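Dear colleague,

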Amino acid sequence: MATPSDQTQKKPLEVREIQELAIAISAKNLNPTMLSQEFLKQTGIVPNEWELGKQPVLGQNLSQVTFQNGVSIVAQPRTITFMESLGSKKPDELKIPNVARQYVDKLSSAEYQGLSITPKSLVPFPGNDQGARNFITQNLLSPGEWQNYGNAPLQAGLNLLYQLDRCQFSLSINEAKIQMPDKSAIPALLFAGNFNYNLAAENPQEMVVKLKQGIDDWQNDLNAFQEVVNQRFLAQQQPTSLFPTN
C-alpha cells in the first residue's frame with residue numbers, strides 16, 4: 001500500500017501554458033553600455049525598491065538587467081527590449097508598459113526608429129509526443145504527398161502576416177519544447193507575434209508622440225494576439241494548459 005509521501009512523489013508534474021510580453025524600441029544612438037541597475041533607478045525608469053533577480057550582464061554588444069518581479073531589460077546596439085512573463089497577472093499589473101514609457105520620457109532626444117510589441121505563447125501538449133507536430137501538419141496544412149518524403153516525420157512551421165489598421169501583425173507558429181524541473185521535455189507549440197509600428201514623422205517630437213501612442217496600445221495588441229491564437233487556431237483542439245501562477 002502506497003504511503004502519502006509515495007503518492008506525493010508520484011504526482012505528475014503540472015504543465016502550464018507560458019506567456020510573455022516584450023516591447024522592443026529601436027534607436028540610432030542606443031548604446032548597450034548605458035544600461036545598468038544604477039542608471040535605471042537614478043533616472044526613475046524603474047522604482048528604487050526593485051531588487052535584482054540575478055547578476056546583471058554588462059557589455060559592449062549586450063547588457064541585461066533582470067529583476068525579481070520578472071521584468072528583464074536587454075540592450076543591444078540600436079535596440080532595447082523590455083520583457084515580462086504574464087503568468088496570472090491582470091493587464092493593469094504588468095510593469096513593462098510603464099517602464100518603456102518612462103524610458104522614452106527620460107531619453108526623449110534619442111533618434112527613435114521603430115517599435116515592436118511582441119507577445120509569445122508556449123502551449124504544451126503533455127502526453128502526446130507528436131501533438132505539436134501533428135497540429136501543424138494535420139490541422140494547419142492540407143494533406144498531400146509532399147508531406148510523405150524523407151526518412152523522418154515532416155517538421156514544419158508557419159509564418160503569417162496580417163495587415164491591421166494601426167500596424168502590421170506577423171505571427172509565427174513552430175514546434176518547441178518545454179524543459180521541466182525533472183529535466184524531461186514536453187512538446188509544445190510556440191506562437192510568436194510581432195506588432196510592428198511605423199514611426200515615420202516630420203520631426204523628432206512627433207516621432208516620440210507616435211512611439212508613446214504605440215506603447216500605450218500594447219493591450220489591444222495583446223488582446224488581438226490572444227484572440228487569434230485561442231479562437232482562430234486552438235478553438236477546435238485545446239491542449240491541456242493553464243496560465244501559470246507566480
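**Aromatic and charged contacts**

Y162, F169 and F195 make up one aromatic cluster. Rings of Phe, Tyr and Trp (its six-membered ring) are paired here if their centres lie within 6.5 Å, with planes under 30 degrees apart counted as stacked, over 60 as edge-to-face and the rest as tilted. Please note that this is a predicted model, in which local features need pLDDT of at least 70 and side-chain atom pairs count only at pLDDT 80 or more, while totals for chains, interfaces and linings use all residues. Residues are numbered from 1 along each chain as its sequence is written, and side-chain values use heavy atoms, leaving out hydrogens and water.

The structure holds 6 aromatic pairs. One of them is the edge-to-face pair of F82 and Y103, at 5.7 Å centre to centre and with 65° between the planes. Because F82 belongs to strand β4 (residues 79–85) and Y103 to helix α3 (residues 96–106), this pair ties together parts that are 21 residues apart in sequence. Helices (H or I, at least four residues) and strands (E, at least two) are DSSP runs, numbered from the N terminus. F82 is buried, at a relative accessible area of 0%, and Y103 is buried at 6%. Buried means under 20% relative accessible area, exposed over 50%, and partly exposed in between (1.4 Å probe, protein chains only).

In helix α4 (residues 131–140), the buried residues are G131, A132, R133, F135, I136 and T137. Their cover includes β6 (158–163), β7 (168–179), β8 (185–198) and α6 (218–233), where contact means heavy atoms within 4.5 Å.

There are also 8 salt bridges in the structure, each defined as a side-chain nitrogen of Lys or Arg within 4 Å of a carboxyl oxygen of Asp or Glu. Among them, K28 pairs with E111, the closest N and O atoms being 3.9 Å apart. K28 lies in the loop between β1 (18–27) and α2 (37–42), and E111 in the loop between α3 and β5 (112–124), 83 residues apart. K28 is partly exposed at 48% relative accessibility, as is E111 at 43%.

Helices α3 and α5 (residues 204–216) are linked by R101 and D216, 115 residues apart, whose salt bridge spans 2.9 Å from N to O. D105 and K212 form another salt bridge, at 2.5 Å; D105 is in α3 and K212 in α5, 107 residues apart. Finally, salt bridges that share partners join R166, D217 and D221 into one network.
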